[in-house]
Structures are given as structure tokens and as C-alpha cells.
Amino acid sequence: MEECKIKNLYNLEETIASEIFEGATYPWEVLLKINDFIIELGNTLDKEEYKKIGEDVWIAKSATVAPTAYIKGPAIIGKNAEIRHCAFIRGKAIVGEECVVGNSTELKNVILFNKVQVPHYNYVGDSILGYKSHMGAGSITSNVKSDKKLVVIKNGTESIETGLKKVGAMIGDEVEVGCGCVLNPGTIIGRNSNIYPLSSVRKIVPTNSIYKNQNEIVEKN
């Protein structure tokens, strides 16, 4: 399950949250730590660069936040990020530098690395999105199984039990997710991969791949 490891999915130099991954092997291991980590990190941020708004919400002074956006703490909005009209940040969210969180996009218990774009009608919950990853309009992470059982990461005959009821998608650096996709609970997408529009994605998509459907995943040339 090498594709699932943090070191193979993410460039930790491209997030303010790099320390949360220390001692972890797989990214979903940090999901339960995001809440407390934000509060601890937020209280150390440079007051010349970040302003604390309300309860446990830190927003970079260079960020742009629309007046109709809703941000519940704990949350950190990074430098030069853009939070557009009617974005809904439900808490436990780290939005990296130069990220775009768009109209009607909802975030909950997430880490967005720098330059992530979730710009149009996206739901991202209990997920980690790597540097420069992008979700097309209407694409979502599904974070709870329909049978409400604990999420298991599967890859052929191999599997890893997460011990968690809620796990969305672990999306590697520079991944492109097409419009209208559903990333099912426990989906892992390797670095530099592309997902065709209108896909329902399960299990693991290898690094540098094109996902056409569950039976057709091809390596990029």
C-alpha cells in the first residue's frame, strides 16, 4: 500500500500543517487531530500577518473573504487565499496559501495544501487535498459509507482498517478531478493523476494515472 503513504502523496513543504503529519504513515491518521492542531497552531501565528476573528478563526490579512462567506472555528485561512461568496466552512479546516474556496463549497475537517482549488459547488469533508489539486464543478468527497460501517482502504487483495467512520478522500499533489465526480469513502488518488468527469471513484488510483472508470485506469504517457 505504498501509494497510500503520506510521503508518496504530499509535498509537506506546501502546507502550514506539516507538523501534524509527524509520526504518521497514512494521511487519514491525522483526521482526528485537526481540531486541536488548528487551535495550537493558530495561537502561534504572526499577528502581523494573521488576524483572529471570533472564536478560533485565524485569517491571513492578505486573504480575500467575501462578506457572505461563513467560517466557523477552528479554522485557518492562509495567505492570499480566496474565500468566495456563500462558501461554507464548518470548522476544523486549514485552507492553504493561494487556495480558492468557491461559491457554495462546503468544507469540514479538512487540510487543503497550498494552491488547492475547490471553486464551484464542492463538498470536501474528512479529507486531505495536496498541493495544486483541483476539484471540478460539482465534485464531492463522500465521507460516510451507506451501511455506516468503519472505512477500510482497499487495493485488490490488500486492505487497511482505518478505525474511522468518516474518511473522505486523500488526494495527492497536482491531481485533477473532473466535474460531477463522487469520490467514495476511503478513496486515494495518487499524485499527478486525472479523473474523468462524472466518475464514481473507489479504492486507489495510482500515481500518474488517468481514471476513465473502475475497470480502465491507464498510465499517463
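Student: What covers the buried residues of helix 2?

Tutor: The cover includes strand 2 (57–60), strand 5 (75–77), strand 8 (93–95) and strand 10 (106–112). Cover is judged by contact, meaning heavy atoms within 4.5 Å. Helices (H or I, at least four residues) and strands (E, at least two) are DSSP runs numbered from the N terminus. This is a predicted model, in which local features need pLDDT of at least 70 and side-chain atom pairs pLDDT 80 or more, while totals for chains, interfaces and linings use all residues. Residues are numbered from 1 along each chain as its sequence is written, and side-chain values use heavy atoms, without hydrogens and water.

Student: Which residues of helix 2 are buried?

Tutor: Buried means under 20% relative accessible area, exposed over 50%, partly exposed in between (1.4 Å probe, protein chains only). In helix 2, which spans residues 34–42, the buried ones are I34, F37, I38, L41 and G42. They sit on the same side of the helix, because their arc around the axis (taken from the directions to the C-beta atoms) is only 120 degrees. An α-helix has 3.6 residues a turn, so residues three or four places apart point the same way.

Student: Which exposed residues does the face turned away from the buried side carry?

Tutor: D36 and E40 are the exposed residues on that face of helix 2.

Student: Where is E49 placed?

Tutor: E49 belongs to the loop between helix 2 and strand 1 (50–52). With a relative accessible area of 34%, E49 is partly exposed. Along the chain E49 and I34 are 15 residues apart, and their C-alpha atoms are separated by 22 Å. Apart from neighbours within four places in sequence, E49 is in contact with I59, A60, K61 and K79.

Student: In which loop does C179 lie?

Tutor: C179 is found between strand 18 (176–177) and strand 19 (182–183). Its relative accessibility is 41%, so C179 counts as partly exposed. The contacts of C179, leaving aside neighbours within four places in sequence, are G136, A137, S139, P197 and L198. A66 is 113 residues from C179 in sequence, and the two lie 24 Å apart in space, C-alpha to C-alpha.

Student: Which residues line the largest pocket?

Tutor: On a 1 Å grid over the protein atoms alone, a pocket is an open set of points with protein on both sides within 12 Å along at least five of seven lines; in a cavity a 1.4 Å probe fits but cannot get out, and lining residues have an atom within 4 Å of a point. Here the largest pocket is lined by K145, V151, V152, I153, K154, N184, P185, G186, T187, R202 and K203. Strand 15 (residues 152–155) gives the most to this lining, with three residues.

Student: How much space lies in the second largest pocket?

Tutor: The second largest pocket holds about 150 Å³. Its lining consists of L31, L32, N35, K92, K108, N109, D126, L164, K165 and K166.

Student: How many cavities of 30 Å³ or more does a search of the whole structure find?

Tutor: The search finds one. The largest cavity has about 30 Å³ of space, and its lining is made up of I16, Y50, I76, G78, I94, V95, G96, E97 and N114.

Technical notes. Points joined across faces, edges and corners; volume = space filled by probe spheres on them.
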